[in-house]
Amino acid sequence: MSTPSHSTKDQDQSTTMGFTLPSPTSPSQIAQTLIQKKETIESEIPTHISILRTNNIDMTTPLVDSEGFPRSDVDIWAVRKARVRIIELRNDLKDVMDEIGKALEGVYAKPTVASSTNTGSSNQTSTEQQMDVQEEGLSPFARVNSVAPGSPAAEAGMQKEDLILKFGNLVRSSFNPPSSLTPLAGLVSESENKHIIIRVRRAGDQKYLTLTPRQGWGGRGMLGCHIVPYSE
């Protein structure tokens, strides 16, 4: 009986449930893989948050009564375990989102002269050039007026005076009238503990940020920043 070749074995290992693992040299495929990792993390967070809600507790609620004794109306062990796991997952999520942001910068980076003359990657270069044209046409529709320390916005790297070009799937044409940011508020409310990819203009440069709206961070709202309409 013949033994399967290593190439066949490697091919089997690179395909799971019909999905072929991407090449680590392609920014777009790297971003796709990271997004799948991010979604796995996001899917676990609500499980632990539900434990806190069952006990009418958030991440900062005291677990002792006014006399310093453990609260009898709370499952202390389960709440502490859930809090620790939530913190771990949020840290992992932040790291993954940082990696996604870097990967997306590679996806939308303008192709170099060398890459544009490489016939082996002509199709990929053409696609990236089309994406560049679309992204370069974006105009800012909102400005970050303030960012609270320790907030989800601060963790995402948002800064005061950032001009928002794209917020998730929202662009300037998504707002009618332009002075109303209601669609943005709606997207945030639907995205608790889920990442939102943001493109901002900062000091003439464009950056990708990944933001995860969440409650219980210690301040008001799920973002911790004040965003106002903007027009050039």
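How many of the 232 residues of the protein count as buried? The share is 35%. Keep in mind that you're looking at a predicted model.

Start with everything selected and colour by secondary structure. Trace the chain from the N terminus and the elements go α-β-β-α-α-α-α-β-α-β-α-β-β-β. As for contacts between residues at least 6 apart in sequence, 62% of them link residues at least 24 apart.

Next, select residues 27-54. That's helix α2, with 28 residues. From first C-alpha to last, α2 reaches 41 Å, close to the 40 Å expected at 1.5 Å a residue. Which residues of α2 are buried? Click through Ala 31, Leu 34, Lys 38, Ile 41, Glu 42, Ile 45, His 48, Ile 49 and Leu 52. Then step just past the end of α2 to Asn 56, which has a positive phi of about 55°.

Last stop: select residues 196-202, strand β5, and zoom in on Arg 202. Is Arg 202 buried or exposed? Its relative accessible area is 16%, under the 20% cut-off, so Arg 202 counts as buried. Show side chains and look for Asp 162: its side chain makes a polar contact with the side chain of Arg 202, at 2.7 Å. Leaving out residues up to four places away in sequence, Arg 202 also touches others, including Gly 157, Met 158, Gln 159, Lys 207 and Leu 209.

Key: Residues are numbered from 1 along each chain as its sequence is written. This is a predicted model: local features need pLDDT of at least 70, side-chain atom pairs count only at pLDDT 80 or more; totals for chains, interfaces and linings use all residues. Side-chain values use heavy atoms; hydrogens and water are left out. Helices (H or I, at least four residues) and strands (E, at least two) are DSSP runs, numbered from the N terminus. Buried means under 20% relative accessible area, exposed over 50%, partly exposed in between (1.4 Å probe, protein chains only). A polar contact is a pair of N or O atoms within 3.5 Å; within protein, one must be able to donate a hydrogen and the other to accept it, and residues adjacent in sequence count only if both atoms are side-chain atoms. Contact means heavy atoms within 4.5 Å. The expected span of a helix is 1.5 Å times one less than its number of residues.
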